[in-house]
Every structure is written in C-alpha cells, then in structure tokens.
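The tour below goes from one selection to the next and says what is found at each stop.

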Amino acid sequence: MLQVGDNIGIVGGGQLGRMLAISAGKLGFKTVILDPQPNPPAFEFSDQHIIAAYDDADALKKLASLTKVITYEFENVPVEAFDTLSDNTPVHPNTKALATSQDRVTEKSFFNNLGIETAPWFDIILPQMLDRALKESGGKGILKTRRFGYDGKGQCRVDVSKPETVAEAKKLSQETPCILEGFIDFVREISIIAARSVDGTIETFDIAENVHRDGILHTSTVPANITEKTREQAISIAHKTLTELNYIGIMGIEFFVNPDGNLLVNEFAPRVHNSGHWTEAACTVSQFEQHIRAVVGIPIAKATRHSDCVMENLIGDDMDRVPEILSHSDTMLHLYGKAETRAGRKMGHFTKITPKTS
Ligand code: AMP
C-alpha cells in the first residue's frame, strides 16, 4: 500500500492521464508522467514529468525508479517494455490484461473461451481470406486492424453490394493483419465501468448507454434503457473478466445489446474510459479516483450514483458551445487544456445531471 505523498507513475499524458493526476493529487499522492510530447494535457497537473517515447526502456526504468507503482492511460504501450519493470515496481493493470486488449484476436478469443459472446469474427491473416469470410458473414461486416485501432480508426465497413467498400477493405487487409466482424444490428450500445482492488473486491458503476458518431463516443446516458436481466448479464461479465485477469484498477467494457436483450462484448479497455467520465458528476467517487484507489492499494469506494445524467464529448469546434454550457447550473464542464482545437480532437466533455429516477 502506498502512503500519502508517495509517487505514482502514469504512462501517457493525455486527458485521461490528466484526470488521473488530478484525482491522485486529491488523495494526497504525487504523480510522475511519461509522454513523448513536450506539453501534453496532463503535465500541468503532474509533479514531475519525463518526455520520452512509450517504448523507451531507459525512460521507463527512470519512471520506475521514481515511483512506487505504475499505471497507464493508453493501452498501446509495448508489453515487453513493462515486463522488465514489474518485478520491482508493480504495473497495474497487469501486462496480461494489457496484452489481451492489444490484439482483437487475443481479446475476442479470451472472451469466447470464457463462454462470453462477441460478434462473429474471422482472422484475416491474408487478403485472400476476406472473400470467404464475407460470404460466411452474410456479405456484410466491419474490417478492423488487429492492433492499434481506436475511436473507429483502422476500420472500414464492408458490403459486397458496394464494390468500392470491398476494394477499400482489401487494401487495409494488405497493409496489416485484420479481423472481419459480422455486422451486428444492435438496438443499443452500453458499457460498464468496473474496478477491482488488490484484495479482489469488485465494484461496478451503473451502466451507461452510449451513442457514437463517426466511430467516436458522442454521449453516455445513465441509467441505460435496459432490462434487469441485461444489467445482471453485464455485471456478471465484468466480474468474470476482472477475476480471470487477476485485474487491479478500472476497466471499461463495451457491449452491443441484441434485440432480445442479450449482450455481445465489443471490446474492453484496461484503463479509465471515456464512457465513464459521467461518474465525476453523478457519483460519490469518480472512475479516476477509483482507479487511483485500486492501484495504490487503498480500499475502493462504493460506486454510488446520486443523479441521472448525460455526458457529452466536446469534439473540435464544439468548443464554441462552452459559453452556452457554462450558463447551465445543472451542468458540469471539464476541459482538457489543449491549446489547439482540431477536427475530431477530444477537447473536453460536459455532464448534465437531473434527479435520480432509478
Ligand atoms: P470499435 O472501435 O470497435 O469500438 O467500433 C466503434 C463503433 O463502431 C462501435 O461503438 C459501434 O458503434 C460500431 N461497430 C463496431 N463494430 C461493429 C459491429 N461488429 N457491428 C456493428 N457496428 C459495429
């Protein structure tokens, strides 16, 4: 267990690292943040920082020498880089969780081996495997790169009745190993944010209903419009996943809800998650504080929600809406301090709260 005043290492200085650093500070811990950029959002709130590539072994060793525990905001850190550290300075969540999440084949196999359903998927090692996979998935699907995809990047929708989409998919599959996922006609998308502590205690936040635009999260609404059975299924999947991985920290798991209410796992993130940002406004503990509690080894809190809410991301020019958002007293604004506004860039979010209905 860390003591007040001890240093926590955070790999990645984006908005998630920033919000983790703020929460660490509120609990009395100090942070050392590693990021390749000279002035990323999180440095403003960190006590020390290291400017270096995520896979710079010497920089990671320096981070480990300065800190009692290392965590990360970004799951594409090379596992090998962390593996050399974990003997002396623990890395939470562990590298098994990190490796599982980094490759869509490993991730889907992990869930399927636990008896947890995902979209049907085909490993596309060679471009010529695409035609057969498309035939087997009814002529429609989504081709996704096995690694390094985020916010809808590294993927394309394929429909055999539109030859240009097949050509685009062939091109992507020539460039890098991919998977083809069958196209799911879901009724809604939901996610669960769950925490597991060093002693194995699990706490889950209430389930959010998510709407994406252009592959990027647009809104998260809580409570989600789902049945009790669906809710219990999501919680049970979260417990199974965290326990199986011997996980410490916060995890976000995203699901598709089928018309019959049954869940398919889309993916999981071994870190705090955009669809959990609402927790800072509508719960007694935020996902960021809960993550810090878990990784430093202090008890995690009851994840109690006191309000209904809708969280919306501010992307690119949405920044023009800030003055209007500030005029609402029921709305909590959180900006990430990014100097430059760019199309598609997450600049902040806001959460409107209303009295709790269920
Ligand atoms: P991902 O990056 O895999 O989370 O995908 C981004 C978004 O694309 C998801 O949140 C869904 O809205 C959509 N999507 C991804 N996979 C599928 C699928 N197999 N079927 C239908 N929609 C999907």
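Start with helix H1, which is mostly covered: 9 of its 12 residues are buried, where buried means under 20% relative accessible area, exposed over 50% and partly exposed in between, with a 1.4 Å probe and protein chains only. Helices (H or I, at least four residues) and strands (E, at least two) are DSSP runs numbered from the N terminus. This is a predicted model, in which local features need pLDDT of at least 70 and side-chain atom pairs count only at pLDDT 80 or more, while totals for chains, interfaces and linings use all residues. Residues are numbered from 1 along each chain as its sequence is written, and side-chain values use heavy atoms, with hydrogens and water left out.

**Stop 1: H1**

Select residues 15-26 to see the whole of H1. The end C-alpha atoms of H1 are 17 Å apart, which agrees with the 16 Å that its 12 residues should span at 1.5 Å a residue; the expected span is 1.5 Å times one less than the number of residues. Now colour the buried residues of H1: Gln15, Leu16, Gly17, Arg18, Met19, Leu20, Ala21, Ser23 and Ala24. An α-helix has 3.6 residues a turn, so residues three or four places apart point the same way.

What do the buried residues of H1 pack against? Their partners are strand E1 (7-11), strand E2 (30-35), helix H10 (287-296), strand E16 (331-335) and strand E17 (346-355). After H1 comes Gly28, with a positive phi near 95°.

**Stop 2: H1 with H10**

The axes of H1 and H10 cross at roughly 70° and come within 8 Å. That makes H1 roughly perpendicular to H10. Axes are lines fitted to C-alpha atoms, for helices over the stretch in contact, and angles run from 0 to 180 degrees between N-to-C directions. Angles under 35 degrees count as roughly parallel, over 145 as roughly antiparallel, 65 to 115 as roughly perpendicular and the rest as oblique.

Show the side chains of Leu16, Met19, Leu20, Ser23 and Ala24 in H1, which meet Phe288, Glu289, His291 and Ile292 in H10. By class, this contact of H1 with H10 has 6 nonpolar, 2 polar and 1 charged residues. Contact means heavy atoms within 4.5 Å. Ala, Val, Leu, Ile, Met, Phe, Trp, Tyr, Cys and Pro count as nonpolar, Asp, Glu, Lys and Arg as charged, and the others, Gly among them, as polar.

**Stop 3: two loop residues**

Select Ser46, in the loop between E2 and strand E3 (48-51). Is Ser46 buried or exposed? Ser46 is buried, with a relative accessible area of 12%. Leaving aside neighbours within four places in sequence, Ser46 is in contact with Thr31 and Ile33. From the C-alpha atom of Ser46 to that of Phe288 is 15 Å, and the two residues are 242 residues apart along the chain.

Next select Tyr54, in the loop between E3 and helix H2 (57-66). Tyr54 counts as buried, at 18% relative accessibility. Beyond its neighbours within four places in sequence, Tyr54 has contacts that include Val11, Leu34, Pro36, Leu60 and Phe74.

**Stop 4: H4 and H5**

Select helix H4 (residues 95-102) and helix H5 (residues 104-113), whose axes are 5 Å apart and which pack at an angle of about 110°. That makes H4 roughly perpendicular to H5. Ala99, Thr100, Ser101 and Gln102 in H4 meet Arg104, Thr106, Glu107 and Phe110 in H5. The residues of this contact divide into 2 nonpolar, 4 polar and 2 charged.

**Stop 5: backbone exceptions**

Most residues other than glycine have a negative phi, and most peptide bonds are trans.

- Pro93 is in the loop between helix H3 (79-83) and H4; a cis peptide bond joins His92 and Pro93, with omega about -5°.
- Pro223 is in the loop between strand E12 (216-222) and helix H8 (228-244); the bond from Val222 to Pro223 is cis, with omega near 5°.
- Asp214, in the loop between strand E11 (208-213) and E12, has a positive phi near 50° and is exposed, with a relative accessible area of 79%.
- Asn246, in the loop between H8 and strand E13 (249-257), has a positive phi near 50° and is exposed, with a relative accessible area of 51%.
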